[in-house]
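Open the model in your viewer and keep the selection panel at hand.

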Amino acid sequence: MRRLGLADIRAGLADGAFSAVELAEDRLAALEGAEALNAVVSPMPDRALEAARAADRRRAAGEPALPLDGMPVAVKDLFCTEDVRTTASSAMLEDFVPPYESTVTANLIAAGAVLAAKTNLDEFAMGSSTATSHFGPAVNPWKATGDARPRAPGGSSGGSAALVAASVVPAALGTDTGGSIRQPAAFCGIVGLKPTYGRCSRWGIVAFASSLDQAGPLTRSVRDAAILLGAMAGHDPKDSTSARQPVPDFEAALGGGVRGLRIGVPREYRVDGMPEELDALWRRGAAWLEEAGAEIVDIPLPHTHYALPAYYIVAPAEASSNLARYDGVRYGLRTPAGTVEEQYARTRRAGFGAEVRRRVLIGTYVLSAGYYDAYYTKAQRVRRLIARDFEQAFERVDAVLTPTAPTAAFPLGEKMDDPIAMYLNDVFTVPASLAGLPAVSVPAGLDAEGLPLGLQLIGRPFDEETVLRAAAALEEAAGFDAEPEFVR
Amino acid sequence: MSALIEGREGVWEYAIGLEVHAQVASAAKLFSGAPTAFGAEPNTQVSLVDAAMPGMLPVINRVCVEQAVRTGLGFGGAIARHSVFDRKNYFYPDLPQGYQISQYSDPIVVGGTVEIPGRTVRITRLHLEQDAGKSVHDRDPDRTLIDLNRAGVALMEIVSEPDLRSPEEAAEFLTRLRALLRWLGTCDGNMQEGSLRCDANVSVRRPGAELGTRTEIKNLNSIRFLREAIEYEGRRQVEVIEAGGEIEQETRLFDPDRGETRPMRTKEDAHDYRYFPDPDLLPLELDEAFIEAIRAAMPELPEARRDRFVEKLGLSDYDAALLTAERARADYFEAAARGRDVKQAANWVAGELLGRLNREGLEIEAAPIPAAGLGELVDLIADGTLSGRMGREVFEAMWETGKSAGAIVEERGLKQISDTGALEGLVDELLAREADKAAEYRAGRTKLLGFFVGQVMKATGGKANPKLVNALLRARLEE
């Protein structure tokens, strides 16, 4: 049952090849066996088995199968889950148990999913390695050939990506603010989709940067990403930024092929120091799509160079405000002191790790009087220019093809003392985030060291269907079927 | 009503602007569905959003937006088609999010005016914002407790230009604005419960000179305190300046017990609120149809109603102003006057009823006599059943017992005697008994008429129709 994807499970349960409880027990055992990945913050075996039993009961009663009936899914520990500890991998929320269920996880539960575990992440989703977690770094199931060093799974949805890549669960939920689904998907050799901003409700997701945060699926196939997204998405009156857009049948879009599609290749993404084999893979990806019938178009995205600095102003600015609620007054960690000011200071020093503190400081700085216009206002202007670049590009093309991350997975502990080097991981993913566009990372091959590399496809707002169609074509052409060291 | 301050070195003039915080009349809070009722047990009206639990998001309450638009239309402001909610960031234990959602650069209403006697006061803006919770310091000797019932309640902050020239004008402005809010039903105006609070920006200057440095007096919760605080603050500023000092721009608190203002605890670091647009909320876009629907349903405004009372109903300026000071008053009057002598109805509402309410410290909503009941009383006087004096007696009885005028007349046998035959007998009897005085009258001492009328009234226990008695006496004495 290890290699079964969501579509396979749907077929297997329908055929009676196995029961939802058998599958859940098997996957819960696999979770226990995957401790070395440090990918789980809180397992949810009771919840999972109860959901699996309910799925079996429905099937026994002859009810039609729900869209995710009996399908095990791991959940990034940033989604609030009712009566299940939700930590954001932070000491601040180490013992926080929400009395409510996020909209996206509630949607999955309603669709029959078996939520199996809460997964490790960078603290408050701030990072690209899952190494800023209060619970220690998650580990990538992949290793370089002849190199025993454990590798970072990427981040911030690193725990989710590691579990899916190691075939512990068929699918997981992540969130993506500047690349936090796509970069770990690329590092772990799986599919990761960031939907259009507003496609999935943010209600009940611990906020990092409100204008960028978006939930999305991490799976081993494009089809499974389409299945999971279909259950996650939809308008939510509790989230004012959630879009009133109908949810199409994403899976049905997959068969379309790419014949006649125009795929843009932006020259600005060819950055200095990019490994030659990544550049080669990118060219190969374009060639695959061309062979499948797409037209490849060279396009300009002239403001790309400003995306990363703009992102590292906007996201920390919002974060500095979003994280102000963690003050030790109502819930979460409290470190008592003589005065309330001192209590704030001690609580937040004890509750937040170095990277979170750094971003809160940057965000506070860029919003402060006298600096606001120079930083925040300018970054917002850049953001509009980047969105306009894409709008103009999408007058000529249907999707944009780029690499997902500038490197393959790096060894654990690397870049930890160099925030700028870490931030550079997001250089290809951040533009789509700033523009609010749907983007997917598809595993496209291995580098010379045997580590996976991903290619990214970016689409028009709310046109996940075209993105998924092109991704399916890329997936088929790449034929990526390598398995990580962890499962070999 | 402007007033000058006599300094040692000549006169000074006030320049006062108010910032009024009016709680929006709405069953639910600005961004959550939690209720807003006053006086509930602590922390019983708090949603997950109000407590700023992780992942919770604000959703704008349509009713609060409508109320803000209604208020803006009420004072003639321009309704912004596009306004923005910003975050005002600061740490405080009763501010759960660590920021207040407010409107900073793009408020929902811009401009407008409020008329006070002798002056048109300009409104700068009205914006919507969240209230904070309450820190409770006196329940526990060692700890501060937090009550979040108010956290997230919708407030309208209404800011005036520094157009007011005396403490009295400031008080008049706040009175008028409060009446308008109550008139529109957008704020209950209850200052004791904190539904309406006010900050006063006060400065002094030589008449006609540039504005001086202002101080801000925070959180004035009665019109009397507003007047007293400004009065004190103006004199204090003049003393400081005349002694060669300078006014420091600062926030001050008014101590009603000592009748003085004092600087608030100075913060070591000045607040930098780091305003930025709230990314959880889209800009508020209002279309023409939304605004027009509210405009179409607006009640007749106080000035229009006052003018109508004068021009169409023929009331005096004084009565019309008195009867339109509150919408409930005007409604009461119009209900009492419907279908009968309007001026008489106005006299009874403006005189007897408002006088009694005033003495008892009651609002008209609490009057024990319904408008229709007062109308019945007016009718009984108009048709001669009751004299004016008897009417007042019946009014008192109605107030005390809650019974109708008709029932009281019946019970007490208060019917006025308008039977000519019966009264003629009494008159003849009287003139016969007082033949000397009758002769004096006929000789020219016509003042004696009062004496005769009094005697008839006395004989009838006050029930005789005084007009009729007058006429009968005159006829007999002058025949």
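Select A:Ala125 first: this residue sits in the loop between E3 and H5 of chain A, where helices (H or I, at least four residues) and strands (E, at least two) are DSSP runs numbered from the N terminus. The model is predicted, so local features need pLDDT of at least 70 and side-chain atom pairs count only at pLDDT 80 or more, while totals for chains, interfaces and linings use all residues. Residues are numbered from 1 along each chain as its sequence is written, and chains are lettered from A and ligands numbered from 1 in the order in which they are written.

A:Ala125 has a positive phi of about 70° although it is not a glycine. A:Ala125 counts as buried because 32 C-beta neighbours lie inside 10 Å; the cut-offs are 20 or more other C-beta atoms within 10 Å for buried, 12 or fewer for exposed, and partly exposed in between, with C-beta atoms placed from the backbone.

Next, select A:Thr130, also in the loop between E3 and H5 of chain A. Its phi is positive too, near 60°, and A:Thr130 is buried, with 36 other C-beta atoms within 10 Å. Most residues other than glycine have a negative phi, and most peptide bonds are trans.

Move to A:Ser156, in the loop between strand E3 (114–119) and helix H5 (158–165) of chain A. A cis peptide bond joins A:Gly155 and A:Ser156, with omega about 10°.

Now show strands E7 (residues 262–266) and E8 (residues 295–299) of chain A, which run parallel and are joined by 5 bridges; strands pair if DSSP finds at least two bridges between them. A:Val265 has A:Asp298 in E8(A) as its bridge partner. From E7(A) the chain passes through helix H8 (residues 276–291) of chain A to E8(A) in a right-handed β-α-β crossover, that is, a clockwise path from the first strand over the helix to the second with the strands pointing away from the viewer.

Zoom out to chain A. Its C-alpha trace spans about 65 × 55 × 50 Å along the principal axes, and 61% of its 488 residues count as buried.

Then colour chain B by domain: domain 1 (4–290), domain 2 (300–412) and domain 3 (420–477), with bounds from an automatic or database domain assignment. The C-alpha centres of domain 1 and domain 3 of chain B lie 67 Å apart.

Finish at the contact, which takes 26 residues from chain B and 33 residues from chain A; residues are in contact if their C-beta atoms, placed from the backbone, lie within 7 Å.

Methods
Contact = placed C-beta atoms within 7 Å.
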